[in-house]
Amino acid sequence: MDAIILQILNGLDKGSAYALIALGLTLIFGTLGVVNFAHGAIFMLGAFTAVTLDRLLNMSFVTIDPTRTNFLGQPLEVKTPYIVSWFGDSIGNGIIDWAVPLSILFSIPIMLFIGYAMERGIIKHFYHRPHADQILVTFGLAIVLQEIVKAFFGANPIPTPAPAAFRGSFDFGVWLGFPANAIIYPYWRMIYFLFSAIVISGVFAFLRFTTFGMVVRAGMADRETVGLLGIDIDKRFTIMFGIAAAVAGLAGVMYAPINSPNYHMGMDFLVLSFVVVVVGGMGSLPGAVLAGFLLGVLESFASMNEIKSILPGIDQIIIYLIAIIILLTRPRGLMGRKGVMED
Amino acid sequence: MSKLILTRRGLLKTGAVAGAGLAMPTIFASGAAAYTNEPKGGTVTLGFNVPQSGPYADEGADELRAYKLAVEHLNGEGDGGMLNTFSSKALKGNGILGKKVTYVTGDTQTKSDAARASAKSMIEKDGAVMITGGSSSGVAIAVQGLCQDAGVIFMAGLTHSNDTTGKDKKANGFRHFFNAYMSAAALAPVLSNAYGKDRKFYMLTADYTWGWTQAASMKAFLEGVGWTMVKDVRTPLATTDFSSYIAPVMNSGADVLILNHYGGNMVNSLTNAVNFGLRDKMVNGKQFEIVVPLYSRLMAKGAGENVKGILGSTNWHWSLQDEGTKAFVKSFGTKYGFPPSQAAHTVYCQTLLYADACERAGTFNPCGVAEALEGFEFDGLGNGKTLYRADDHQCFKDVLVVRGKEKPTSEFDLLEVVEKTPVEKVRYEPDNPFFKGGSLGKCNPGA
Amino acid sequence: MQLFGLSKKDTLFLLIVIFLTLATPILLQPFAEGSGLAQFNAGYPDLMQRFAIYGIFAIGFNILFGLTGYLSFGHAAFLGVGSYSAVWMFKLLTMNVIPGIILAVIVSGLFALLIGWISLRRSGIYFSILTLAFAQMSYNLAYSVLTPLTNGETGLQIRLTDPRLLDGANTTGSLPTTNLFGLAMNDSIRLEFFGRLFTFNVGYYFSAVMAIIVFYIALRIFRSPFGLMLRAVKTNQTRLNYTGVNTRPYTLAAFVISGMYAGLAGGLLAAMDPLAGAERMQWTASGEVVLMTILGGAGTMMGPVLGAGFIKYFENIFSKINDNVLHNWFGALPDGLENFLVDLVHPFVGKGWHLTLGMLFVLVVMFLPGGLVEGGQRIAALFRRKRKPDGSGPKHQPKQAPHVAE
Amino acid sequence: MGILEVKNVSKRFGGLKALDNVNLSIQENTVHAIIGPNGAGKSTLLNCFVGKLIPDTGSVMFDGHSLLGVTPYKINQLGVSRVFQTPEIFAELTVLENVMIPCFAHRDGSFRMHAFETVDAEVEIREKAEAMLHDVNMLDKKNEHAGSLSRGDKRRLEMAMCLAQDPKLLLLDEPTAGMARADTNNTIELLKDIKKKRDITMVIIEHDMHVVFSLAERITVLAQGTPLVEDVPEKIKGHPKVQEAYLGGH
């Protein structure tokens, strides 16, 4: 029982990452009809805004400590972050420690801008081009983005820890009446789950309750008619692209403490997020979120020893197997709309 | 004005009868070269085949730095590095056999297909007489097989699987790096001293060949010191989030977690495990511990603070205090501004060892070089006394057990050497069950 | 002149392709050995073989994608299955490549039949994801659980101890080579002319002949009523259904044919180099053939081949340009300028080859919507215009999909 | 016994009754129009003839074959062709190719693996296709891209495609929808011409009474999913029930 609860927690956590990425992807799919292979790269860029802020906060001046030596036997250069020298040890280091949460604020304008620039610079020329061309251009873009990150940050993962206050884990089990240590769960993962719940509801509320959102939803359903009403739907779609990029970016920022970011983490998520979006059904936002959580939970269950011992290797293929089963039984995924990306 | 060169690589067996009429080129006499890519001019070309894209690109970059350094030293430039401490004095700093050393580079992408394509282009296009490098066992074994067929020497880079010099060993291939068996042999006694004789361990194992050989070796040795295994769980290579594998560990009754992962897998699984708070827990009345059998400083850097206090093994570390290490670190550090990684060290050694063998053999002929390397004993390359065993082309040397440092003084100072397990403790016979099944075959000079 | 049941134009086209293919070892070696530009020579056996083999892969993919518009994201699975089948044949039966290649084509055809039969129940992106899922499952399983069959991470290799029933006992102590009735695939004749070294390799010519044959078959398919039906599937499936045509067998046939092309390519890869790795089935490999086809020009005959050559050239030639090479090129310049140029070029070559490739993807698709073929057409049009200044050059036609000829 | 016999057909969409116990008999070699106000169920009925929809109850028999649950391409192979409200053509192919495809389908059936023959060598097919284009006055446009034709031309092309199959029954779903008066008249003439030249049954769904009364030999009026009356055009014109249905009695 406790094992199952644990895996549900894990699944929800994994699912929230999938759901966040898929949500952004489906906004772009559904609103703009663009197959965006650069979406994983945007997620990666988000994670690297956290790394960048961490680097910025750690900008240091160098003093020579003659009493100590470096690995070559020369006097040791000691680096002191400016922030520490300005605000003193405890406050300075405290700020550096909070780099990841601070990057949330830092990343939103950046990601909005990146999304905006991408849409205006490249994507907008591809609305009326075949999906194949969209794949080629966005894939090329993804390669370029990740190579640039690689050139600046290297290929190795870069540790980007959560603030000290959120490290460690919480004993859920005791809370639910299990013995100690039965169900422990890291604080940061719980925060991630809550955070994505907030972002997802935020996006839904935005689309449901604002005029902007209503126009966009109408545009998703029937772009031409909305255009005929004299509404500049293109401009709103540009903004939607920015929002989708920001959602993916935030997913990346918050993911940084869970797994150290590296330049190709986007590609690792890319295929998976496409599977999630399609399983959810093209053009359906709730579908994408539902599919994200569903696949996350099922993936977690598949990695349980009890299941692996019956079906060896099931955790290798579970996501794809589920995708095949769902697509064969439900032609348009879980909640897909008719006629979207079917030809 | 023009000249005709004919090469006849490969041996024809099946076709002797069937293909006599068809096999046009074969009716000409064998070519002028005595072996593949015999260097004719004043230079000799080496092929450095390292990952330059993909997750191991940084490791590849560090290997490439070391190769460039080695080439400098061989050509008599720079401070000479470990040439000065190397026990064999055959190398004079005038290239190899009087020929200036040049090199070509390629990208393995950490895929066996791409690595072989890259190595082939070095052999077919650039005339490389030796291929070296790589950062994973799959690639090493694939390229080693290719070099065997093509008739050039392969000096393996970072490859830790038992199979490289076990069931997939080849007469033209040589490995300086240690292997999974040696890691386990060195770690087991240290672990039992540090954590007690009565421990229960749980393993997470990357689900591919290297992971399995690592897991099998660890299991054998840990059970040898009286520990009991609770479970060995295989994790897909593509896993990025290990939470669902780590979560059940707490309740399994195990009090040690062994992570048979490397590279990105290792960084993520270790980070996840530490985030789950495993190391803060007491199980069975003992402190819960995590072990990473194969450490790499570059990868440890990716895991950040999470490596603190965690035991593992490594082929070499820059903080060693022997003369060879000091010379190498000085030379590398002066040129690049940071200390070399174990990958850099092993490929530097491999280049020197190859060059030295050529000098001693007096030829670049792979068979001559192989003979010179087989059974070669040397010292002064940072690992103490070392033997290139003739039976399987594996180097036998001391193994370092290291621990993540609690108080690093710099961003490079992440590991501290806990123990230097002497070579006798990690030696095994060539017919050891972990290594049996392949044979070296005969050396192939190609041509 | 009309040959092989082709129209005059197509016959000429085929003859040009045959000529180019056979002359590849000379054409790809334009720069003198030892000159700075020799780095850009691509006329060595391995790369030429790859051009031919990936050309086959892309031509086959184009039969499915270019004609029917069904975008498969799992074609690498057939490539991988073809390779595995061929290597197993080399291990069990004989090192002669013919049985291996035949088995590769058959097995991948059957595999394609199975996957196509299931996946073609859906269209559009749903179809793409189904094929992707099958290929990823194949890859993941081949890498791990199926290791006894695939040798997992290391890749399936031939060994001395393999039975090879037809080949007789191996007494040499070294691994046998793949051959065609005794003609070893890695045999080469090397000729030196005018300081250029030309390598005529058996394996390349074997692949090249295969490529010409399958190119011809593809050309026939494109020009056949069957090909017309496939193009009709792409443009309007509803109409086709109301015209009494059952589209499923047509698309399935196209899927299986292109799967067999992929299997042939896989078998040839194994025949050139008897090792089959699981990475061949990964989604990136499937994506690569998609990129090749689109980059070259989907739906055209030559496009996919050009795209394949383009990507493989970058992968193998640009990745090998290191700083050393750069310094050689610019060595004649003053030091400051030399270093400046080296630093300028450095990020785009060697380990940065991906960056250059990515940028080229973006540029090509932005400015040449019909792919590289359109680039060729534009250049040709430019010449034609020069020759006929009276204005009877290319008409300004309404924009249309790249034509099937060319 | 008519060529198309519809018996007791009903079809519901959720709570909406689209067809309610429809009985209809269409005689061979007649032009039969089905008219009715919007939402009367005309298109639903037509879709039941071609296999796009399956009625909940009742039967549809064509030439002695039941059409229930038969896929569109099989129904077409029985001899039923359909012209759509918006012309469905192969926009990326040439006009000639557009017409050759139904010729192939007519000769070779629903599937044939003719991958190693060449289209160019199919002289008979081409000549037949050209004859069809000639019939609809489009032979001069045979090498144009179908997608770039005018709407009227697209409609005529679609007719040629349907006629190329020598159908026994031709279903026309608002063939003049969205057309200018001149085009409409052309279409009427074209259809009259077709009718004159061959033995064919036509079922027309149409709003435009001018078209209906120019062509139809019999007319069925459909309202709220049920046929109100069926008669010759002259009688329909002044029929009180028809007036009521169109002018809205409720």
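Let me start with burial: a residue is buried if 20 or more other C-beta atoms lie within 10 Å of its own, exposed if 12 or fewer, and partly exposed in between, with C-beta atoms placed from the backbone. Helices (H or I, at least four residues) and strands (E, at least two) are DSSP runs, numbered from the N terminus.

What you have above is a predicted model, where local features need pLDDT of at least 70, side-chain atom pairs count only at pLDDT 80 or more, and totals for chains, interfaces and linings use all residues. Residues are numbered from 1 along each chain as its sequence is written, while chains are lettered from A and ligands numbered from 1 in the order in which they are written.

First, a helix in chain C. For α8, residues 225-235 of chain C, 11 of the 11 residues are buried, so the helix is largely enclosed by the rest of the structure. The buried residues include P225(C), F226(C), R231(C) and K234(C). Their cover includes α2 (45-68), α7 (202-223), α9 (237-241) and α10 (247-272) of chain C, together with α3 (95-108) of chain D.

Next, chain B. Its secondary structure comes to 13 helices and 18 strands. The radius of gyration of chain B is 23 Å, close to the 22 Å that the globule rule gives for 447 residues, so chain B is as compact as a globular protein of that length. The radius is taken over C-alpha atoms, and the rule is 2.2 Å times the number of residues to the power 0.38. Along its principal axes, the C-alpha trace of chain B spans about 80 × 55 × 35 Å. Of the 447 residues in chain B, 64% are buried.

On contacts: two residues are in contact if their C-beta atoms, placed from the backbone, lie within 7 Å. In chain B, 71% of the contacts with a separation of 6 or more are between residues 24 or more positions apart.

One sheet in chain B. Three strands form an open antiparallel sheet in the order β14-β15-β16, where strands pair if DSSP finds at least two bridges between them. Because β14 (377-378) and β16 (395-396) of chain B each have a single partner strand, they stand at the edges, with one side of each left without a neighbour in the sheet. Strand β15 (residues 386-388) of chain B is joined to β16(B) by 2 bridges, and L387(B) has F396(B) as its bridge partner.

Last, the A–B interface. Here 38 residues of chain A are in contact with 38 residues of chain B. The largest share of chain A's side, 7 residues, comes from α1(A).
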